[in-house]
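Keep the structure open as you read.

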Amino acid sequence: MSALPLLGFVAWSGTGKTTLLERLIPLLGQRGLRLGVLKHTHHDFDMDKPGKDSHRLRQAGARQVMAASDRRHALICETPEGEPPLEALLARFDRDQLDLLLIEGFKHRHFPKIELHRGAIGRPLLFPDDPDIVALISDRPQATTLPQFRFEDLDAIADFICARLPIRDAQPPLPPLRLLARAQEAIPNPAGETCLPGYLTQDADGCLLVRPASAVMPSALPAANCLIECASNSAIAPGERVRIRLLSGE
């Protein structure tokens, strides 16, 4: 299993990391990326609501509570022993469902990061002391060989991120689609084949009809566009219901 690509966004508080991600995520989504986000917070946050069933169960002493519906699910974990290691948090994500995990914060951990910097914040740049920083987003040019962007250069930032990602592995082709059709004419099977080439059509009532693709078919008809599944050594009678598999490209 290949590792899930990570890209962090680091900055001093008040620089606008969340605001930038909020504007950047839709652009990355338009480029076909499936995104996850891991956000670090120093606060004693609680995403639950007092009075809700999940909150009541946690108050009763449950260390982990999952709320699930047909639209989403969330797992809330109590960690009185302290903040979990970053590796444990990353393991919570389903890497098969994501192309990229964006990380906000965790600036002292080692993974590729983009630094955000605003001169008005009055804090020093991070990249001189962090070799993991691969680009800089700033409100003014800086003396560095790193790629630099302004905060409003969202499309350029999205292109830079996409260019860093590995090319996705080719997805295995889907199996041929199976349908049920009615034999339009007798379909002999003297050789006992399990599948025969056929030509799929549709009548005025919307019923699917299939006939064998053979040399005696009128030349005006196109080539076979399906495979007719049949029992070995058996002919198919007119009107008989048969399973067919659409050929690729149809």
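## Cysteines

How many disulfides are there? The count comes to zero. Bear in mind that this is a predicted model, so a pair of cysteine sulfur atoms has to come within 2.5 Å in the model to be counted as a disulfide.

Take Cys 226, which is in no disulfide: the nearest cysteine sulfur belongs to Cys 195 and sits 10.0 Å away. Is Cys 226 buried or exposed? Cys 226 is buried, because its relative accessible area is 0% and the cut-off for buried is under 20%. Cys 162 is another story: its relative accessibility is 24%, so Cys 162 counts as partly exposed.

## The barrel

Which strands close into the barrel, and in what order? Going around, the order is S9-S11-S10-S12-S13, five strands with mixed pairing. From one strand to the next, the twist averages 50 degrees.

Now over to strand S1, residues 6–10, which is mostly covered: four of its five residues are buried. As a reminder, strands of a sheet pair through backbone hydrogen bonds, either parallel or antiparallel.

S1 pairs with strand S5 (residues 100–104) in the parallel sense, over four bridges. Look there for Leu 7, whose bridge partner in S5 is Leu 102. S1 also runs parallel to strand S6 (residues 113–117), and three bridges join them. Here Val 10 has Glu 115 of S6 as its bridge partner.

## Phe 160 in helix H4

The last stop is Phe 160, found in helix H4, which spans residues 154–164. Why does Phe 160 count as buried? Its relative accessible area is 16%, and the label applies because buried means under 20%.

What is Phe 160 in contact with, once its neighbours within four places in sequence are left aside? The answer is Ile 114, Val 134, Ala 135, Pro 147 and Phe 149. Ala 135 is 25 residues from Phe 160 along the chain, yet their C-alpha atoms are separated by 9.1 Å.

Note on methods
Residues numbered from 1 in each chain as written. Predicted model: local features only at pLDDT ≥ 70, side-chain atom pairs only at ≥ 80, totals over all residues. Heavy atoms only, no water. Pairing = 2+ DSSP bridges. Helix = DSSP H or I, 4+ residues; strand = E, 2+ residues; numbered from the N terminus. Axes fitted to C-alpha atoms, helices over the stretch in contact; angles between N-to-C directions. Buried < 20%, exposed > 50% of the residue type's maximum accessible area, 1.4 Å probe, protein only. Contact = heavy atoms within 4.5 Å.
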